[in-house]
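Here is a short briefing on one protein chain. Keep the sequence and the structure open while you read.

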Amino acid sequence: MNINKLLAIAAATLFGLGAMNAVCAQGKDIKIAHVYDKTGPLEAYAKQTQTGLMMGLEYATNGTMTVLGRKIVVIEKDSQFKADVAKTALASAFGDDNADIAVGPTGSTGALAMLPVAEEYKKILLVEPAVADSITGAGWNRYIFRTGRSSMQDALANAAVMPDKASIAMLAQDNAFGKDGVASFKEAMKFKGNKSTIVHEEYAPPATTDFTASAQRIFDSLKDKPEPRILGIIWAGANPMTKLAEMQPERYKITLAPGGNILPVMKSWKNFAGLEGAVYYYYGFPKNKVNDWLVAEHRKRFNGVPPDFFTAGGMAAGIALVEAIKKAGGTDTEKLIAAMEDMSFESPKGKMTFRKQDHQALQAMYQFRIKKKQANEWDLLELVREIPASELPLPIRNKR
């Protein structure tokens with residue numbers, strides 16, 4: 001056999017191997033690890049996020065659950081609302097399960113423990129819905145993106161609806177979520193030029209059920225201060241607003257200021273008709289085709305119940321992942337990072353954009369008023385106005 005024939009056979013063999021490898025790569029499953037608090041105090045939030053994530057993947061793939069000819073496989077890991085478990089679960093997902101990308105977790109303390117793992121494995125962690133500012137701040141690395149809102153986005157929205165020159169006391173959980181939330185709110189008030197004064201900060205363990213002592217300290221701090229007097233609440237899980245109201249803060253002309261929460265919690269707020277606040281999402285507020293689909297499909301699948309706060313966030317994460325993989329042409333981490341930086345995508349809240357500097361999704365928020373007349377059990381809030389992302393001047397906190 002002459003040399004030309006040998007070269008031709010070798011070339012054909014190499015071409016065949018290359019084609020086979022391309023087909024194998026195309027057919028390889030895309031593995032997405034969802035590390036979330038399936039059990040623990042934030043279980044309700046976590047379940048909503050999982051529902052939303054799966055609906056987002058479904059919506060973005062037109063029901064096929066495939067991207068670029070590759071099947072999407074979601075691997076679930078329970079972080080149990082424990083930072084060490086969350087860290088180990090992510091390492092297992094990347095190291096043992098060979099996950100291409102991860103989503104989660106629910107709690108901020110768990111998220112902060114997971115950030116270095118993403119950097120170690122050089123794979124993307126899309127944070128949803130943990131909110132602590134330090135996730136995209138001091139603890140951030142280039143493998144971290146976040147569709148969920150940050151504490152500062154919450155704070156800027158609440159500062160936008162807060163009256164000027166008020167006397168304010170804050171009640172928050174004694175953890176990363178609560179402390180970041182209060183610090184961000186104080187900073188947001190300065191950004192907005194609000195001349196209100198934070199006269200007291202009260203931190204209580206997340207499992208607190210008796211708020212008597214905390215309430216008394218708050219009332220004492222406010223009762224002689226200039227009006228209006230406001231008690232702001234930053235709390236995940238069982239919200240203490242009803243219990244605080246039972247202690248009659250109106251005796252001291254103190255008004256409660258709730259943040260948005262999940263629908264079952266807000267159903268208990270009917271006696272607070274007229275109170276205003278800011279919320280990340282309420283199913284009746286956004287007017288776009290993504291939210292229309294989410295509301296209609298969720299009602300169809302869950303006995304008429306509309307989608308909730310964290311369902312929308314999970315859906316945004318699912319859509320973002322599919323759009324990123326399409327844009328990157330696969331799951332190579334460096335190509336995904338390049339594709340996702342400054343990437344805009346549609347969500348139940350409308351357009352979100354991953355800011356290049358810290359990979360935080362910029363997004364709208366909503367000013368709400370608790371309804372006086374509710375047509376049904378889920379007709380809870382009325383929209384005062386949408387607060388666009390342009391009115392939420394989010395500072396860059398990382399060391400990039």
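Predicted model: local features only at pLDDT ≥ 70, side-chain atom pairs only at ≥ 80, totals over all residues.

The chain averages a pLDDT of 91, and 93% of the residues score at least 70. The pLDDT falls below 50 over residues 6-25. Beyond near neighbours in sequence, that stretch has 3 contacts in the model.

- Four strands form an open sheet with parallel pairing, in the order 8-7-9-10.
- Strand 8 (197-204) and strand 10 (254-257) are the edges; each has a single partner strand, so one side of each lacks a neighbour in the sheet.
- From one strand to the next, the twist averages 20°.
- Strand 7 (residues 167-173) pairs with strand 9 (residues 229-234) in the parallel sense, over 6 bridges.
- Within that region, A172 stands opposite I234 in strand 9.
- Helix 6 (residues 176-191) packs on this sheet and touches strand 7, strand 8 and strand 9. The direction of helix 6 makes about 155° with that of strand 7.
- Helix 7 (residues 212-222) lies across strand 7, strand 8, strand 9 and strand 10. Helix 7 runs at about 170° to strand 8.

- An open sheet of 3 strands has antiparallel pairing and the order 11-15-16.
- Its edge strands are strand 11 (276-279) and strand 16 (381-387), and each pairs on one side only.
- The twist here averages 30° from one strand to the next.
- Strand 11 and strand 15 (residues 365-370) are joined in the antiparallel sense over 4 bridges.
- G277 has F368, in strand 15, as its bridge partner.
- Helix 5 (residues 151-161) packs on this sheet, in touch with strand 11, strand 15 and strand 16. The direction of helix 5 is about 155° from that of strand 11.

**Helix 3**

- Helix 3 (residues 83-95) has 13 residues. From first C-alpha to last it reaches 18 Å, close to the 18 Å expected at 1.5 Å a residue.
- Its buried residues are A86, A89, L90, S92, A93 and F94.
- These buried residues pack against strand 1 (30-36), strand 3 (70-78), strand 4 (101-103), helix 4 (108-121) and strand 5 (125-127).

**A312**

- A312 is found in helix 11 (residues 309-328).
- A312 counts as buried because its relative accessibility is 1%, under the 20% cut-off.
- Leaving out residues up to four places away in sequence, A312 touches Y280, Y281, L294 and P348.
- A312 and A207 are 105 residues apart along the chain, and their C-alpha atoms are separated by 26 Å.

**Salt bridges**

- The count comes to 22 salt bridges.
- D154 and R149 meet in one of them, at 3.0 Å from N to O. D154 and R149 are both buried.
- R397 and E187 form another, with the closest N and O atoms 2.7 Å apart. This pair links distant parts of the chain: R397 is in the segment after strand 16 and E187 is in helix 6, 210 residues apart.
- R397 is partly exposed at 29% relative accessible area, and E187 is partly exposed at 25%.
- K267 forms a salt bridge with E377, the closest N and O atoms being 2.8 Å apart. K267 sits in the loop between helix 9 (263-266) and strand 11, and E377 in the loop between strand 15 and strand 16, 110 residues apart.
- K267 counts as partly exposed at 28% relative accessibility, and E377 does at 42%.

How values were computed: Residues numbered from 1 in each chain as written. Heavy atoms only, no water. Helix = DSSP H or I, 4+ residues; strand = E, 2+ residues; numbered from the N terminus. Expected span 1.5 Å × (residues − 1). Buried < 20%, exposed > 50% of the residue type's maximum accessible area, 1.4 Å probe, protein only. Contact = heavy atoms within 4.5 Å. Pairing = 2+ DSSP bridges. Axes fitted to C-alpha atoms, helices over the stretch in contact; angles between N-to-C directions. pLDDT = per-residue confidence, 0-100. Salt bridge = Lys/Arg side-chain N within 4 Å of Asp/Glu carboxyl O.
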